[in-house]
Amino acid sequence: MTNFERFKEQFNKDYKNVSNFMEKYEYTNVNIPYNGVLEANNDYTSDSDSYGDGATEYIERIYNFADFNIYIKFNGSRDSYDGTQWNDFVEVKP
C-alpha cells in the first residue's frame, strides 16, 4: 500500500470528506492531525464570465503530513451564490 493510499484510507475514516477537515484547519497551522503542516495557501480568483457573473475564487491548500511522509493538495472553490465547496485532494511533490 502506498503512502497516499494509507493517508486516504485514514483520512476518509476520520473525516469522511474534505469539507469536514477544512472546516477545522483551513486557516490554522496548529494541531493539524497526522503531524500536518500547512505549506501553501494558493487561492486565486478568476475574472467575471461573459454574462457578467461574479468571479469565482479557486481555493487550494497544500499540507505536509509527516506521519505519512506525504504532501497533499486540497482543492475547492468559493463564490457568492454557492459559498465554499471543498472538492477533493491529491498527492503532490514538493
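This section describes a helix, the aromatic pairs and the salt bridges of a predicted model. In this model, local features need pLDDT of at least 70 and side-chain atom pairs count only at pLDDT 80 or more, while totals for chains, interfaces and linings use all residues. Residues are numbered from 1 along each chain as its sequence is written, and side-chain values use heavy atoms, with hydrogens and water left out.

Helix H1 covers residues 3-15; helices (H or I, at least four residues) and strands (E, at least two) are DSSP runs, numbered from the N terminus. The expected span of a helix is 1.5 Å times one less than its number of residues. For the 13 residues of H1 this gives 18 Å, which agrees with the 18 Å between its end C-alpha atoms. Phe 4, Phe 7, Phe 11 and Tyr 15 of H1 are buried (under 20% relative accessible area; exposed means over 50%, and partly exposed in between, with a 1.4 Å probe and protein chains only). The buried residues of H1 fall within an arc of 60° seen down the axis, so they line one face of the helix; the arc is that of the directions from the helix axis to the C-beta atoms. An α-helix has 3.6 residues a turn, so residues three or four places apart point the same way. On the other side of H1, Glu 9 and Lys 13 are exposed.

A search of the whole structure finds 22 aromatic pairs. Rings of Phe, Tyr and Trp (its six-membered ring) pair if their centres lie within 6.5 Å; planes under 30 degrees apart count as stacked, over 60 as edge-to-face and the rest as tilted. The rings of Tyr 63 and Phe 74 form an edge-to-face pair, because their planes stand at 80°, with the centres 5.6 Å apart. Tyr 63 belongs to strand S3 and Phe 74 to strand S4, eleven residues apart, and both are buried. Ring pairs join these two residues into a cluster whose members include Phe 4, Phe 7, Phe 11 and Tyr 15.

The structure holds six salt bridges, each a side-chain nitrogen of Lys or Arg within 4 Å of a carboxyl oxygen of Asp or Glu. One of them joins Arg 61 and Glu 26 (3.2 Å, N to O). Arg 61 lies in strand S3 and Glu 26 in the loop between H2 and strand S1, so this pair ties together parts 35 residues apart in sequence. Both Arg 61 and Glu 26 are buried. Another salt bridge is formed by Glu 57 and Arg 78 (3.4 Å, N to O). Glu 57 counts as partly exposed at 23% relative accessibility, whereas Arg 78 is buried at 19%.
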